[in-house]
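Please look over the model shown here before reading the notes that accompany it.

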Amino acid sequence: MGSRDADIDFTFFRPTTVRAVLDALTPAGWSAEESPGHVSYLINDADDMYDWSAGTPELLDEVLAELDAAAHLPYVVGLNVYEPRARTGGMLLFHPGRTEVSFNPVIDRRRIPAAPEFTDLAWYLHALVPGLVAAGLKGYEAHEIRH
């Protein structure tokens, strides 16, 4: 049968920060708190292991400062975000240079009701793009691939 992966690749006019993207998405209802009391983030440094770490909402400012630190610009960093009203979320991955950010809808992925094997990418675009425009969004490309 195989599995399916979906992602949306966002491109920004200028390098962005994790804090700027989260600040742009917060008014639309998105949060770094993916479950009560739980924040997940990634700093993929030279070990290239993609090990996620856990924190608490009280430590979010420190987590954002660490993710946005100049020392991590050559590496992928990530932050999970969640939209509690819709009960869905995913991983934001910030690529080296920080003009490209990927969103992978992996937390309670929304599906197309008439075709549940597919991700409702239109819903995610509608929920993410308006906030990201204010953060300098240049464009996006959405993909769903079966493996």
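## Basis of the model

This is a predicted model, in which local features need pLDDT of at least 70 and side-chain atom pairs count only at pLDDT 80 or more, while totals for chains, interfaces and linings use all residues. Residues are numbered from 1 along each chain as its sequence is written, and side-chain values use heavy atoms, with hydrogens and water left out.

## The negative patch

Asp45, Asp47, Asp48 and Asp51 together form a negative surface patch (residues with over 30% relative accessible area and no salt bridge, like charges being joined within 9 Å; a salt bridge is a side-chain nitrogen of Lys or Arg within 4 Å of a carboxyl oxygen of Asp or Glu). Asp51 is located in the loop between β2 (39-44) and β3 (52-55), strands being DSSP runs (E) of at least two residues. With a relative accessible area of 46%, Asp51 counts as partly exposed, a class that lies between buried (under 20%) and exposed (over 50%), judged with a 1.4 Å probe and protein chains only.

## Buried polar side chains

Ser40 belongs to strand β2 and is buried, because its relative accessibility is 9%. Its side chain makes a polar contact with that of Glu34 at 2.7 Å and another with that of His38 at 3.0 Å; such a contact is a pair of N or O atoms within 3.5 Å, one able to donate a hydrogen and the other to accept it.

Glu83 lies in strand β4 (residues 76-83) and is likewise buried, with a relative accessible area of 5%. The side chains of Glu83 and Arg85 are joined by a polar contact of 2.7 Å.

Conventions:
Patches are made of residues with over 30% relative accessible area and no salt bridge: like charges are joined within 9 Å, nonpolar side chains (Val, Leu, Ile, Met, Phe, Trp, Tyr) within 5 Å. Accessible areas come from the Shrake-Rupley method with a 1.4 Å probe; for residues, only the protein chains shown count as cover. Lys and Arg count as positive and Asp and Glu as negative; His and the chain ends are not counted. The place of a charge is taken as NZ of Lys, CZ of Arg, CG of Asp or CD of Glu. Helices (H or I, at least four residues) and strands (E, at least two) are DSSP runs, numbered from the N terminus.
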